[in-house]
Amino acid sequence: MTGDAIWYEAAHVVGVTNALNVAADGLAALPAVTSMLPPVTEDDPRPEIVTLFAEIRAFYARPEVPAVFRFLARDAGYAADLWGAVRRAFDDNRLPRRLKEALAFAVSLTTRSPWGSAFHLQEMRRLGVGDGGVMEVIGVTQMFSSYTKIADTLQLEPDMGDIAPIDDSPAPGGPARSG
Amino acid sequence: MPTVRLRDASEYPDPAQRLFELSKIWFNHDFKEPAAMSRVMAWDPEFGGPHGRAMKRAMASGEFTRGEKEMVAAVVSGVNACEY
């Protein structure tokens, strides 16, 4: 797991996972909110919504659009842009989608997101992760939820930063670093 | 600044020295001084022992590789805003 590129990818997954969880748990799951701000219906005829929802259904291989996306689609332009980032973050790239779903599950578990934990667990299972693999991710998440709190309680200072080699490659498409 | 004085490795008894050697092997890195967390865990072997075994069990390659699990661990640490 060396080189910075995979870590940029992982960070993007963490970011958009949290973004979706915020809207899913904080808004889309609350009847008091959706009664005032109803989600877009599955069969909304606007072409931009039809296209967006078709992409989402295909990406997740499910017949229904997750409620959070229907809620966000109240602003179709915003939802389409956000979806572009979500799809890019989660699609197979240097990191496989299966691992990205595991990262998203760990993030959701750590941030106590009921929607995110359930959704990314379903996605992990759909992508072939078995019971053992799920428990592996839960175990790692638990153990490092312990280590981090022990470290914070004792205010330990980082002392392992020099284990990983520095990646001197440029940004994608950019020139090599001078000097 | 840590809220406790982290003891040097030389201040730990022999069983802890063995744990420090295992830590070097685990991280494949020759620390000048054991990592702070290793020294914290060695303070009480009756806690650090089972905690460390649970960690190694969780981190061992299975459906996910050790490297993939290190990434999960890094993500969890980041979300917990843990600087260490």
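User: What makes Ala89(A) count as buried?

Analyst: Ala89(A) has 21 C-beta neighbours inside 10 Å. A residue is buried if 20 or more other C-beta atoms lie within 10 Å of its own, exposed if 12 or fewer, and partly exposed in between, with C-beta atoms placed from the backbone. Ala89(A) therefore counts as buried. A word on the setting: this is a predicted model, in which local features need pLDDT of at least 70, side-chain atom pairs count only at pLDDT 80 or more, and totals for chains, interfaces and linings use all residues. Residues are numbered from 1 along each chain as its sequence is written, while chains are lettered from A and ligands numbered from 1 in the order in which they are written.

User: Which residues is Ala89(A) in contact with, leaving aside its neighbours within four places in sequence?

Analyst: They are His12(A), Val13(A) and Val16(A); two residues are in contact if their C-beta atoms, again placed from the backbone, lie within 7 Å. Gly15(A) is 74 residues from Ala89(A) along the chain, with 9.2 Å between their C-alpha atoms.

User: Why is Ala61(A) called exposed?

Analyst: Ala61(A) has 9 C-beta neighbours inside 10 Å, which places it in the exposed class. It sits in the loop between H3 and H4 of chain A, and its phi is positive, about 50°, although it is not a glycine. As background, most residues other than glycine have a negative phi. Pro63(A) belongs to the loop between H3 (47-60) and H4 (67-72) of chain A, and with 7 such neighbours Pro63(A) counts as exposed too.

User: What makes Arg112(A) exposed?

Analyst: Arg112(A) has 10 other C-beta atoms within 10 Å, hence the label. It is in the loop between H6 and H7 (114-126) of chain A, and its phi is near 55°, positive in a residue other than glycine.

User: Turning to chain B, why are H2(B) and H3(B) called oblique to each other?

Analyst: Their axes come within 5 Å and cross at roughly 125°. Axes are lines fitted to C-alpha atoms, for helices over the stretch in contact, and angles run from 0 to 180 degrees between N-to-C directions. Under 35 degrees counts as roughly parallel, over 145 as roughly antiparallel, 65 to 115 as roughly perpendicular and the rest as oblique. The pair is therefore oblique. Met41(B), Ala42(B) and Trp43(B) in H2(B) meet Pro45(B), Gly48(B), His51(B) and Gly52(B) in H3(B).

User: How do you know which side of H3(B) is the buried one?

Analyst: Gly52(B), Met55(B), Ala58(B) and Met59(B) are its buried residues. The face turned away carries the exposed Glu46(B), Pro50(B), Arg53(B) and Arg57(B). The buried residues pack against H8 (131-153) of chain A together with H2 (36-43) and H4 (66-79) of chain B.

User: What makes a set of residues a nonpolar core, and how many residues has the largest one?

Analyst: A nonpolar core is a set of buried Ala, Val, Leu, Ile, Met, Phe, Trp, Tyr and Cys residues joined through C-beta atoms within 7 Å. The largest has 59 residues, and those with the most contacts inside it are Ala102(A), Leu103(A), Ala106(A), Val72(B) and Val75(B). Helix H6 (97-110) of chain A gives the most, with eight residues. Beyond its sequence neighbours within four places, Val72(B) is in contact with Ala102(A), Leu103(A), Ala106(A), Val137(A), Val140(A) and Thr141(A).

User: How many residues of each chain are in contact with the other?

Analyst: 34 residues of chain B are in contact with 35 of chain A. H4(B) provides the largest share of chain B's side, 12 residues.

Key. Helix = DSSP H or I, 4+ residues; strand = E, 2+ residues; numbered from the N terminus.
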